[in-house]
Amino acid sequence: MIFNYIFHPILQFCALIFSTLLYIVGWKKTVIAQNTKNTINLKTLNDENKSGNTFNFTQPFSRYQLLFALSYDFLSFILFRVSSKKFHPTIYISKSSQENIDEIIGHNLKQRPHILYSMHFGNFEWMAQKIKNYGIDLQVSIHPMHQTLASQFLQWLRKTPTAKNQTQNYTRDFRNQFQLIKDNLVKGKTLGWMMDQNPQKPSSIISPFLNLTTQWNPIPIYLEKKLCQEKYYCYITRESGIVFNSTYSIHFKKTKTPYPHCFQKFKDIILLHPNHYYGFTHRRFKNSHPELYTKKI
């Protein structure tokens with residue numbers, strides 16, 4: 001506990017320096033501005049009346065807030081992996097999610113196909129590790145980074161420590177391995193699908209999200225129609241401040257809305273915590289107006 005009181009202010013200071021450097025060099029400045037120029041008419045949500053002011057990451061301070069939150073979450077994830085015995089963040093499953101957690105574990109045991117949707121929001125890496133440690137057989141579909149050294153480092157960070165001091169990875173490269181995806185579903189493994197992965201196939205579909213024309217990988221559409229009817233989405237939120245300690249809550253919800261429309265459920269979550277949606281740093285929003293999409297589904 002004492003370590004946490006000392007650790008978090010230092011981590012906050014380091015994040016302040018790191019985010020300031022990112023801001024000075026203009027990291028992702030153009031991408032963030034392009035992705036958010038049509039979200040300025042969307043209102044951030046307020047806990048009391050579900051309404052609030054508009055946000056605009058083209059403004060300097062707003063963009064810095066996004067960079068600071070990202071820096072804090074990334075640095076804390078690194079240090080948690082390096083010093084997991086000393087630093088134990090408080091991460092819990094929300095009470096409303098327990099039933100869905102038990103249901104997903106039951107799907108693993110009964111080998112019933114199901115998909116878990118999520119996004120690059122908050123400390124999603126911690127979320128994935130917690131889900132794996134909770135007993136869910138999670139396999140997250142990823143696209144490895146082009147930089148080999150950076151990719152290897154990130155994969156090392158993602159290895160989850162086990163009780164026997166061994167490690168297990170929750171990510172898999174499913175590119176061009178559609179049969180492997182099907183096999184994992186049939187075996188009842190939890191297929192994790194992140195919405196912020198940029199589809200690189202010409203068959204990608206177009207559907208708007210947050211007033212932005214967005215490309216989507218078509219594979220989940222086939223999986224939902226042919227293999228699985230059970231779908232869930234999850235996200236992690238920071239419940240307390242970051243000065244002395246941080247408490248995180250993981251939320252699981254079941255959905256019957258088909259992909260990719262089910263991701264519209266993330267809209268209110270993003271608007272409530274816009275600084276924690278790191279999807280704004282990705283280049284997957286190809287056009288700037290929702291009426292420009294060509295393959296409406």
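First, the ground rules. This is a predicted model, where local features need pLDDT of at least 70, side-chain atom pairs count only at pLDDT 80 or more, and totals for chains, interfaces and linings use all residues. Residues are numbered from 1 along each chain as its sequence is written, and side-chain values use heavy atoms, with hydrogens and water left out.

Now the core. The largest nonpolar core holds 69 residues. Such a core is a set of buried Ala, Val, Leu, Ile, Met, Phe, Trp, Tyr and Cys residues joined through side-chain atoms within 4.5 Å. Buried means under 20% relative accessible area, exposed over 50%, and partly exposed in between, with a 1.4 Å probe and protein chains only. M119, F209, F252, F263, F266 and Y277 have the most contacts inside this core. Helix 3, residues 60–82, gives the most to it: 11 residues. Helices (H or I, at least four residues) and strands (E, at least two) are DSSP runs, numbered from the N terminus.

Take F266. Contact means heavy atoms within 4.5 Å. Beyond its neighbours within four places in sequence, F266 touches Y117, S118, M119, F209, Y233, C234 and Y235.

Next, helix 8, residues 219–226. Which of its residues are buried? I219, P220, I221, L223 and E224. The buried residues of helix 8 pack against helix 7 and strands 2, 7, 8 and 10.

Last, the surface. V82 lies in helix 3. V82 counts as exposed because its relative accessibility is 52%.
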